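Work through the exercises below with the sequence and the model at hand. Each task is followed by its solution in steps.

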Amino acid sequence: MALLEVKDVGYQYPSNSAQSITGVNLTMAANSLNVVIGPSGIGKSTLLNLIAGYIQPQVGELRMNGQPIQKASWQRGIVFQDMALYPWLNVTQNITFGPRMRKMASAQIEQRLATLLQETGLEKFKTSYVYELSGGLKQRVALAREFINQPDILMLDESFSALDNLTRDEMHQILLELWASSGNCVIVITHDIDEAMFLGQNIIIMNGKPGTVSQTITNPYFKVAFDEMANNPAYFEFRKMLLQQIK
Ligand SMILES: Nc1ncnc2c1ncn2[C@@H]1O[C@H](COP(=O)(O)OP(=O)(O)OP(=O)(O)O)[C@@H](O)[C@H]1O
């Protein structure tokens, strides 16, 4: 059974006269890394909100591990671009806030925290307050804060789009490492075709009017850096094909 099943889902915001998404079908496996691309306003964030359980579809259904998704849960975390970290808490307190609230055993929290601080390179900042950190470091805290929950599904909504290229490349490596060591299902929304091609084991294409999922493609260039492909016409053909799909 797939970890996530989305069946014939349609959604219309109560305040909107138009349908936002329609007829969305997709499945995702545990331990998969999925990137959703599509033009602005096509319904990518709406799809994440539905998977998170923040909103409920008027048509169709979403299931996780066979169970209907009916409300928000720490088992489906979202990292937003603005992150919403707690400025009055330090890095460690931000990362451990969720598990402490859920009364996870301290020893387990400490163990997960130590691993995450090491994987994200945040060890030397563990007592810093988040207002003291750069944008890239804040994103690391935001990722660690979700990965510490070991959610079944972890979603990133344009999380890296405000970062400079170098910092974004670092974040890609950190995300890949966290994904590989956690075994979570990760879903990334991006506008950036090169980010999609690097991070997407599966690339999910949304287009149409109202928006829908038209294709899920197994990406032959998963984890392949753009720079390594300068002389590879097949890579650029694939990139062009993706761009045409999301025009
Ligand atoms: N809270 C809301 N109330 C009413 N309509 C909304 C709301 N949020 C989104 N929409 C509409 O639903 C459609 C899909 O929006 P959504 O934000 O999911 O698209 P998106 O692909 O994530 O866009 P972007 O890439 O620009 O963030 C759009 O037409 C948008 O105007």
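**Exercise 1. Classify Lys-7 by accessibility, then find its salt-bridge partner.**

Step 1. Lys-7 has a relative accessible area of 36%, so it is partly exposed. The classes are buried under 20%, exposed over 50% and partly exposed in between (1.4 Å probe, protein chains only).

Step 2. The model is predicted: local features need pLDDT of at least 70, side-chain atom pairs count only at pLDDT 80 or more, and totals for chains, interfaces and linings use all residues. Residues are numbered from 1 along each chain as its sequence is written, and side-chain values use heavy atoms, leaving out hydrogens and water.

Step 3. The partner is Glu-61, with N to O at 3.8 Å. A salt bridge needs a side-chain nitrogen of Lys or Arg within 4 Å of a carboxyl oxygen of Asp or Glu.

Step 4. Lys-7 sits in strand 1 (residues 4–11) and Glu-61 in strand 4 (residues 59–64), so the pair ties together parts 54 residues apart in sequence. Helices (H or I, at least four residues) and strands (E, at least two) are DSSP runs, numbered from the N terminus.

Step 5. Glu-61 is partly exposed at 29% relative accessibility. Lys-7, Glu-61 and Arg-63 are linked in a network of salt bridges.

**Exercise 2. How many salt bridges does the structure hold, and which elements does the Arg-239 pair link?**

Step 1. The count is six.

Step 2. Arg-239 pairs with Asp-194, the closest N and O atoms being 2.7 Å apart. This pair links helix 7 (residues 233–245), which holds Arg-239, to helix 6 (residues 193–199), which holds Asp-194; the two residues are 45 apart.

Step 3. Another pair is Arg-100 with Glu-110, at 3.5 Å from N to O. Arg-100 is in helix 2 and Glu-110 in helix 3 (residues 106–120), 10 residues apart.

**Exercise 3. Describe the interface of domain 1 and domain 2.**

Step 1. Domain 1 covers 1–75 + 153–162 + 183–247, and domain 2 covers 81–150. These bounds come from an automatic or database domain assignment.

Step 2. The C-alpha centres of domain 1 and domain 2 lie 26 Å apart. In contact (heavy atoms within 4.5 Å) are 11 residues of domain 1 and eight of domain 2.

Step 3. The buried area is about 830 Å², with 63% from carbon and sulfur atoms. Buried area is the accessible area (1.4 Å probe) that two parts lose on being put together, summed over both.

Step 4. Trp-74, Leu-154 and Asn-184 supply 56% of the area that domain 1 buries against domain 2, more than any other three residues.

Step 5. Zero salt bridges are counted between domain 1 and domain 2.

**Exercise 4. Is Thr-96 buried or exposed, and which residues does Thr-96 contact?**

Step 1. Thr-96 is found in helix 2 (residues 91–101). Its relative accessibility is 2%, so Thr-96 counts as buried.

Step 2. Leaving aside neighbours within four places in sequence, Thr-96 is in contact with Ile-109, Leu-113 and Ile-148.
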